[in-house]
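Dear colleague,

Please find below the structure for your review. My notes on selected residues follow it.

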Amino acid sequence: MLEKYMVIYPDCHIEWMECEYDQLVKSCYKVIGCSCVENVRTIIPDVCLIVDESGRLKNPAQPHNDLASTFYAGWIFGDDDIVGPAVVAAIHQIDGESDWAPLNALELDLVVWHLASLGVLLFNHLLTSSLI
């Protein structure tokens with residue numbers, strides 16, 4: 001059965017990636033363009049970003065992903081933001097171990113709410129800026 005995962009690209013467009021469960025890592029390598037991925041926790045419980053582990057070290061460096069970075073709380077600790085494409089996944093218990101999984105309905109609602117709130121903030125910023 002095909003599973004769906006959200007992919008956020010550096011140019012802020014979002015697509016859905018479909019793959020079989022046992023092909024998830026290989027599909028992430030392909031869509032992210034790397035050979036080693038890293039799991040990054042987000043501000044949404046049980047939701048993570050799957051990103052290129054060495055994206056910042058590549059020459060040329062992967063482009064900054066502003067949209068994906070809004071999910072990452074690393075800035076609180078002085079960590080770097082997200083670069084390159086990011087796959088949005090859930091972290092669920094599967095056969096007694098933590099593993100990546102598609103977002104369930106609640107997790108998807110929280111991700112969409114987060115994205116929508118960014119749109120509201122951007123709209124308010126643009127509106128305020130144009131009035132000054």
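In which loop is the place of C12? The model is a predicted one, and in it C12 is found in the loop between β1 (2-8) and β2 (14-20). The phi angle of C12 is positive, near 75°, in a residue other than glycine. C12 counts as partly exposed because its relative accessibility is 42%, which falls between the 20% and 50% limits.

A positive phi, of about 65°, also occurs at D46, again not a glycine. D46 belongs to the loop between β3 (37-41) and β4 (47-52). With a relative accessible area of 42%, D46 is likewise partly exposed.

E107 is part of helix α3 (residues 105-131). Although E107 is buried, it has no salt bridge. The nearest side chain of opposite charge is that of R41, 9.1 Å away, whereas a salt bridge requires a distance within 4 Å.

Finally, I32 lies in helix α1 (residues 24-32). Its relative accessible area is 3%, under the 20% limit, and I32 is therefore buried. Not counting residues up to four places away in sequence, I32 touches V37, I50, V51, D52, Q62, P85 and V87. The C-alpha atoms of I32 and V7 are separated by 8.8 Å, with the two residues 25 apart along the chain.

Yours sincerely

Technical notes. Residues numbered from 1 in each chain as written. Predicted model: local features only at pLDDT ≥ 70, side-chain atom pairs only at ≥ 80, totals over all residues. Heavy atoms only, no water. Helix = DSSP H or I, 4+ residues; strand = E, 2+ residues; numbered from the N terminus. Buried < 20%, exposed > 50% of the residue type's maximum accessible area, 1.4 Å probe, protein only. Lys, Arg positive; Asp, Glu negative; His and termini not counted. Contact = heavy atoms within 4.5 Å.
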